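I set down what I looked up, in the order in which I looked.

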Amino acid sequence: MKGITIGCDGAADLGDIAEKRGIVTEPLTVILGDRSGADGSEITPADIFAYYDETKKTPKTAAVSPERYAALFERMTRDGGEAVYICAAQTKSSCYDNAVMAAKDYPGVYVVDSQSLSAGIGLLALYADDLRQTGKYTAAEIAEKVTARRGAINLSLIVDNMTFLHKGGRCSGVAAFIASVLRIHISLKMHGGGQLDVRKKYIGSSSGAMAKYALDAAKSAESPDPKYVFLVHTTVSRENLDKVRDIFLSVHPDANIIERTAGATITAHTGKNAFAFIFFGSKE
């Protein structure tokens, strides 16, 4: 069987996990006014916060181009092997369409729309790599099984305020103002097909809202797959991270919680003090 390489968009927020597992990642581009650069190596969340503090403007993000995907797929299949590549949700980015366009010239590359974001992409990449390591499956079979498991992803998040969502065109100015005045913290959930909708509204302090959200997230699945449970955040304090981690573990004590700091792509849309629990809602 030919060698198989697993890859995914850098917005998966896998960080050094990808490097350790040999998962290839390709960063999206983050745009700060006249400055643009690759998420992670050229633009960081700290750059985003500094830019916002100075200009009161939020960043923009750009998908990986077909040309960059083509160069990546060339490297991934250079030795005659095959590849499975997992993209950010088609509903939220042009990455999938661009990757499919590039893959037409590389018949050994199988592109999957994750229908997810952040570690939701990462979950599928890790699952694909788990399948690859068994040595039992072709690249086409891995892509098929990964596609079938997209619906099991449980992704929800809570944002501290709606400033970045509003400035990014994802909620109205009136809604953002009311949320600020009433101290409303919005929880969002990604549904099948990659649609992100309001799940619940919490009123009160940030710490209290986080705790309530963590309990709701834990109770959202009766028997989640404990192997990979991601806790992805944007500059949330250690105290609050420990609190929400303990709350989740009080419901699912066997969960292997993996903490990751969100990269610039995700931070560009959520702002500070946001976090998400992301996991497979059921075992395979």
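Entry 1, conventions. I take helices (H or I, at least four residues) and strands (E, at least two) as DSSP runs, numbered from the N terminus. The model is predicted, so I note that local features need pLDDT of at least 70, that side-chain atom pairs count only at pLDDT 80 or more, and that totals for chains, interfaces and linings use all residues. Residues are numbered from 1 along each chain as its sequence is written, and side-chain values use heavy atoms, with hydrogens and water left out.

I located A255 in the loop between α10 and β12 (257-261). I then looked up its accessibility: A255 counts as buried, at 13% relative accessibility. Here buried means under 20% relative accessible area, exposed over 50%, and partly exposed in between (1.4 Å probe, protein chains only). Leaving aside residues up to four places away in sequence, I found that A255 touches P226, V229, F248 and L249; contact means heavy atoms within 4.5 Å. I also recorded P224, which is 31 residues from A255 in sequence and 8.2 Å from it in space, C-alpha to C-alpha.

Two packed helices are described by the angle between their axes and the distance between the axes. Axes are lines fitted to C-alpha atoms, for helices over the stretch in contact, and angles run from 0 to 180 degrees between N-to-C directions. I read that the axes of α9 and helix α10 (residues 238-251) cross at roughly 25° and come within 9 Å. This makes α9 roughly parallel to α10. The classes are roughly parallel under 35 degrees, roughly antiparallel over 145, roughly perpendicular from 65 to 115, and oblique for the rest. The crossing of α9 and α10 is right-handed, a term used if the near helix is turned clockwise from the far one by less than a right angle, with left-handed for anticlockwise. On the α9 side I listed S207, M210, A211, A214, L215, A217 and A218, and on the α10 side N240, K243, V244, I247, F248 and V251. By class, this contact of α9 with α10 has 10 nonpolar, two polar and one charged residues.

Helix α3 (residues 66-76) packs on helix α4 (residues 95-103) at about 55°, with the axes 8 Å apart. I therefore class α3 and α4 as oblique to each other. Their crossing is right-handed. In α3, the residues P66, Y69, A70 and F73 meet C95, N98, A99, M101, A102 and A103 of α4.

I counted 10 aromatic pairs in the structure. Rings of Phe, Tyr and Trp (its six-membered ring) pair if their centres lie within 6.5 Å; planes under 30 degrees apart are stacked, over 60 edge-to-face, and the rest tilted. The ring centres of Y69 and F73 are 5.8 Å apart and the planes are at 20°, so this pair is stacked. Both residues lie in helix α3, four residues apart, about one turn of the helix. Y69 is buried at a relative accessible area of 0%, and F73 is buried at 0%. I next looked up Y213 and F275: with centres 5.2 Å apart and planes at 75°, the pair is edge-to-face. Y213 lies in helix α9 (residues 206-219) and F275 in strand β13 (residues 274-280), so the pair ties together parts 62 residues apart in sequence. Finally, I noted that ring pairs link Y213, F248, F275, F277 and F279 into a cluster.

Note on methods: Ala, Val, Leu, Ile, Met, Phe, Trp, Tyr, Cys and Pro count as nonpolar, Asp, Glu, Lys and Arg as charged, and the others, Gly among them, as polar.
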